[in-house]
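Thanks for coming. Please have a look at it first.

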Amino acid sequence: MKYRLTSRITTTPDLGGWCFFVPSGRDFDGFAYAAAYDLNDDDINALDIRDTADAARRLTEGQWLEVTHDAA
């Protein structure tokens with residue numbers, strides 16, 4: 001099954017849930033994301049991984065990137 005990533009910026013992450021968050025100053029790791037959800041990293045759209053990593057690099061102090069996926 002193939003997956004697409006989506007992301008949104010938040011300043012109030014719910015760290016007690018099942019969501020995947022990237023804090024400002026950290027890189028998005030597609031392999032870690034795939035492992036966290038027991039996905040094959042080859043099944044995640046490569047452009048989505050790149051775009052999510054770019055979005056994580058643009059975060060400013062106090063921001064978090066919430067990353068989710070859906071079946072393509």
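**Aromatic residues and the sheet**

Phe-20 is buried, because its relative accessibility is 17% and buried means under 20% relative accessible area, with exposed over 50% and partly exposed in between, for a 1.4 Å probe and protein chains only.

Before I go on, the conventions. This is a predicted model, in which local features need pLDDT of at least 70 and side-chain atom pairs count only at pLDDT 80 or more, while totals for chains, interfaces and linings use all residues. Residues are numbered from 1 along each chain as its sequence is written, and side-chain values use heavy atoms, with hydrogens and water left out.

Back to the rings. The structure has five aromatic pairs; rings of Phe, Tyr and Trp (its six-membered ring) pair if their centres lie within 6.5 Å, and planes under 30 degrees apart count as stacked, over 60 as edge-to-face and the rest as tilted. One of them is Phe-20 with Phe-28, which is edge-to-face because the planes stand at 80°, with the centres 6.1 Å apart. Phe-28 is buried at 8% relative accessibility. Phe-28 also pairs with Tyr-33, and here the centres are 6.0 Å apart and the planes at 50°, so this pair is tilted. Tyr-33 is buried too, at 0%. Phe-20, Phe-28 and Tyr-33 belong to one aromatic cluster together with Tyr-37.

Now the sheet. Helices (H or I, at least four residues) and strands (E, at least two) are DSSP runs, numbered from the N terminus, and two strands pair if DSSP finds at least two bridges between them. In what order do the three strands of the open sheet lie? The order is E1-E3-E2, and the pairing is antiparallel. Strand E1 (3–10) and strand E2 (20–23) each have a single partner strand, so each stands at an edge with one side left without a neighbour in the sheet. From one strand to the next the twist averages 30°, where axes are lines fitted to C-alpha atoms, for helices over the stretch in contact, and angles run from 0 to 180 degrees between N-to-C directions.

E1 and E3 are joined by eight bridges, and E2 and E3 by four.

Glu-66 lies in strand E3 (residues 64–71) and is the bridge partner of Arg-8. Is Glu-66 buried or exposed? Its relative accessible area is 11%, so Glu-66 is buried. Not counting residues up to four places away in sequence, Glu-66 touches Thr-6, Ser-7, Arg-8, Cys-19, Phe-20 and Phe-21.

Thr-10 is in strand E1 and is buried at 6% relative accessibility. Leaving aside neighbours within four places in sequence, Thr-10 is in contact with Phe-21, Gly-62, Gln-63 and Trp-64. The side chain of Thr-10 also reaches the backbone nitrogen of Thr-12 at 3.1 Å.

Methods
Contact means heavy atoms within 4.5 Å. A polar contact is a pair of N or O atoms within 3.5 Å; within protein, one must be able to donate a hydrogen and the other to accept it, and residues adjacent in sequence count only if both atoms are side-chain atoms.
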